[in-house]
Amino acid sequence: LIDRKAENRKAGGGKKAEANNALTTIIIEELAKIGKCTITDLIKKSEVLTNYVTEDGKSLSNQKISALLKPLYSGDNPVIERTMEKKMVYFRVIE
């Protein structure tokens, strides 16, 4: 049982993981269109993210987007750049 659970965790192919991967792709596309901005600005300026509804019927929050962006800038091969200016955190897609 433990081995099977460990195998499932390594696969990472659950429904939530697939939904989060799709959402991450959308976020990257919208961030590329808008350019350097905060998460709040990203939600406000992107019509797609403003109207996005999760599986449980909720709209996107700053915390959710922040959690999805973290692996994109903290890994070995970053896709997004995170900068701080005057206590504000900005994100942009690395080209």
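Me: Helices here are DSSP runs of at least four residues, strands are runs of at least two, and both are numbered from the N terminus. The model is predicted. What pattern does the protein chain follow when read along the sequence?

Reply: Start with the elements. The protein chain has five helices and two strands. Read in sequence order, they give the pattern α-α-α-α-α-β-β.

Me: What does the C-alpha trace of the protein chain span along its principal axes?

Reply: The protein chain has 95 residues, and 22% of them count as buried. Among contacts between residues at least 6 apart in sequence, 43% join residues at least 24 apart. Along the principal axes, the C-alpha trace spans about 50 × 35 × 25 Å.

Me: How far apart are the end C-alpha atoms of helix H2?

Reply: H2 runs over residues 15-34, which makes 20 residues. At 1.5 Å a residue, the helix should span 28 Å. The model agrees with that, as the end C-alpha atoms are apart by 29 Å.

Me: Within what arc do the buried residues of H2 fall, seen down its axis?

Reply: Buried means under 20% relative accessible area. In H2, that holds for Leu23, Thr24, Ile27, Glu30 and Leu31. Seen down the axis, these buried residues line one face of the helix, because they fall within an arc of 135 degrees.

Me: Which exposed residues does H2 carry on the face turned away from its buried side?

Reply: Take the buried side as the reference. Its residues pack against helices H3 (39-45), H4 (47-50) and H5 (62-74), and against strands S1 (80-85) and S2 (88-93). Turned away from that side is the face with the exposed residues Glu18, Asn21, Ala32 and Lys33.

Me: With which residues is Thr38 in contact, leaving aside its neighbours within four places in sequence?

Reply: Thr38 lies in the loop between H2 and H3. Its relative accessibility is 7%, so Thr38 counts as buried. Beyond its sequence neighbours, the contacts of Thr38 are Met88, Val89 and Tyr90.

Me: Which element gives the most to the lining of the largest pocket?

Reply: The largest pocket has a volume of about 280 Å³. It is lined by 14 residues, and the closest to its centre are Asn20, Thr54, Glu55, Asp56 and Lys64. With four residues, the element that gives the most is H2.

Me: What is phi of Lys86?

Reply: Most residues other than glycine have a negative phi. Lys86 sits in the loop between S1 and S2. Lys86 is exposed, at a relative accessible area of 82%. Although Lys86 is not a glycine, its phi is positive, at about 50 degrees.

Me: Is Lys87 buried or exposed?

Reply: Lys87 also has its place in the loop between S1 and S2. Its phi is near 65 degrees, a positive value in a residue other than glycine. Exposed means over 50% relative accessible area. Lys87 has 78% relative accessibility, so Lys87 counts as exposed.

Key:
Residues are numbered from 1 along each chain as its sequence is written. This is a predicted model: local features need pLDDT of at least 70, side-chain atom pairs count only at pLDDT 80 or more; totals for chains, interfaces and linings use all residues. Side-chain values use heavy atoms; hydrogens and water are left out. The expected span of a helix is 1.5 Å times one less than its number of residues. Buried means under 20% relative accessible area, exposed over 50%, partly exposed in between (1.4 Å probe, protein chains only). The arc is that of the directions from the helix axis to the C-beta atoms. Contact means heavy atoms within 4.5 Å. On a 1 Å grid over the protein atoms alone, a cavity is a set of points where a 1.4 Å probe fits but cannot get out, and a pocket is an open set with protein on both sides within 12 Å along at least five of seven lines; lining residues have an atom within 4 Å of a point. Grid points are joined across faces, edges and corners, and a volume is the space filled by probe spheres set on the points.
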